[in-house]
Amino acid sequence: MLSGSTLSLMGDCISFDITVEDDCTAVLTTQASTKVYKSVALKCSEQIMEASIGNGGLLVVIPDPVTCFSTAKYSQKQVFRIMSGSSLLVVDWITSGRHESGEKWDFILYKSTNHIYMETKPLFLDTVLLENGNVTSIAERMQDYQVIAMVILLGPKLKHIQNQIQEDVKKIMSEQLHAPSMGGRTKAINGDGYTKPPLVASCNSFGPKGIGSVVRIAATTTESVYGFLRSQLAGLEPLIGLCPYH
């Protein structure tokens, strides 16, 4: 197990590689959120990780969220190279900033790229880009949501967790969007007189025969995402010896 508390200074560039051999397991965690300081002279902090996972190997990447300070610029790229029998779980998430300092989506740039290749062929290519522009700010686009997260799961060792998350997300969203509220009205994401769900999520399969699943989450509080992750990833304990985010 690898762990650490990451503090990204202005203009820093961190790059590292991980190799998980056949039938081995590795867990990458943090001790606290990744904090990205204010940008000076428009410098961008960067983090690059490349990981290779052998047949029967399992890599679990379960960090705390990234928190960007006001005017920060941050870019990260994670590249995973897997075999047909590899298993991988990645949690990638960001909060809106330091609420106690009155900062909400006040950074300049956040970019997170995740690429997965199976035996040299692209399997999953994804980039999240949040950038404050001249037309609308990130805060305006995000409205009341203060956290966004993505969970990637694939491989034979995680199939039971994938199946359970798919069913749970369907149930959660059905309850969120159709539960009666005051006056018999139902909750909805938009519309005057309606209440937005505090957490919204989607789950989709990718790859041949649905080998992988990607869950996307938006929430009004960091605590609600921690709760979601604790509940949905509890099935990892027999594989890695701990319950994530407990």
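In strand β11, Leu129 is the bridge partner of Lys111. The model is predicted: local features need pLDDT of at least 70, side-chain atom pairs count only at pLDDT 80 or more, and totals for chains, interfaces and linings use all residues. Residues are numbered from 1 along each chain as its sequence is written, and side-chain values use heavy atoms, with hydrogens and water left out.

**The chain as a whole**

- The secondary structure consists of four helices and 14 strands; helices (H or I, at least four residues) and strands (E, at least two) are DSSP runs, numbered from the N terminus.
- The chain has 246 residues, and 46% of them count as buried. Buried means under 20% relative accessible area, exposed means over 50%, and partly exposed lies in between (1.4 Å probe, protein chains only).
- Of the contacts in the chain with a separation of 6 or more, 74% are between residues 24 or more positions apart. A contact means heavy atoms within 4.5 Å.

**Strand β10 and its partners**

- Nine of the 10 residues of β10 are buried, so this strand is largely enclosed by the rest of the structure.
- Strand β8 (residues 73–82) pairs with β10 in the parallel sense over 10 bridges. Two strands pair if DSSP finds at least two bridges between them.
- Met118 in β10 is the bridge partner of Ile82.
- Strand β11 (residues 121–131) pairs with β10 in the antiparallel sense, also over 10 bridges.
- β10 and β11 form a hairpin with two residues between them, and Glu119 in the turn has a positive phi of about 50 degrees.
- Thr120 is in the loop between β10 and β11. Its phi is positive, about 80 degrees, although Thr120 is not a glycine.
- Thr120 is exposed, with a relative accessible area of 71%.
- Lys121 belongs to strand β11 and is exposed, with a relative accessible area of 60%.
- Lys121 and Arg81 are 40 residues apart along the chain, and their C-alpha atoms are separated by 9.2 Å.

**The nonpolar cores**

- The largest nonpolar core has 44 residues; Cys68, Leu89, Val91, Phe107, Ile217 and Leu229 touch the most other members. A nonpolar core is a set of buried Ala, Val, Leu, Ile, Met, Phe, Trp, Tyr and Cys residues joined through side-chain atoms within 4.5 Å.
- Strand β12 (residues 147–154) gives the most to this core, with five residues.
- A second, separate core has 22 residues, including Phe80, Ile82, Leu88 and Val90.
- Leaving aside neighbours within four places in sequence, the contacts of Val91 are Val61, Ile62, Pro63, Met150, Val151, Leu229, Leu233 and Tyr245.

**Helix α3**

- Helix α3 (residues 222–232) has these buried residues: Thr222, Val225, Phe228, Leu229 and Gln232.
- Seen down the axis of α3, the buried residues fall within an arc of 120 degrees, so they line one face of the helix. The arc is that of the directions from the helix axis to the C-beta atoms.
- Glu223 and Ser231 are exposed on the other side of α3.
- An α-helix has 3.6 residues a turn, so residues three or four places apart point the same way.

**Glu103, a buried residue in a loop**

- Glu103 is in the loop between β9 (87–95) and β10 (109–118).
- Glu103 counts as buried, at 7% relative accessibility.
- The side chain of Glu103 reaches the backbone nitrogen of Ser70 at 3.0 Å.
- Not counting residues up to four places away in sequence, Glu103 touches Cys68, Phe69, Ser70, Ser96, Gly97 and Arg98.

**Two other positions**

- Gln164 lies in helix α2 (residues 159–178) and counts as partly exposed, at 44% relative accessibility.
- Gln164 and Gly235 are 71 residues apart in sequence, and 9.4 Å apart in space from C-alpha to C-alpha.
- Asp23 is in the loop between β2 (13–20) and β3 (25–29), where its phi is near 65 degrees, a positive value in a residue other than glycine.
- Asp23 is exposed, with a relative accessible area of 61%.

Technical notes
A polar contact is a pair of N or O atoms within 3.5 Å; within protein, one must be able to donate a hydrogen and the other to accept it, and residues adjacent in sequence count only if both atoms are side-chain atoms.
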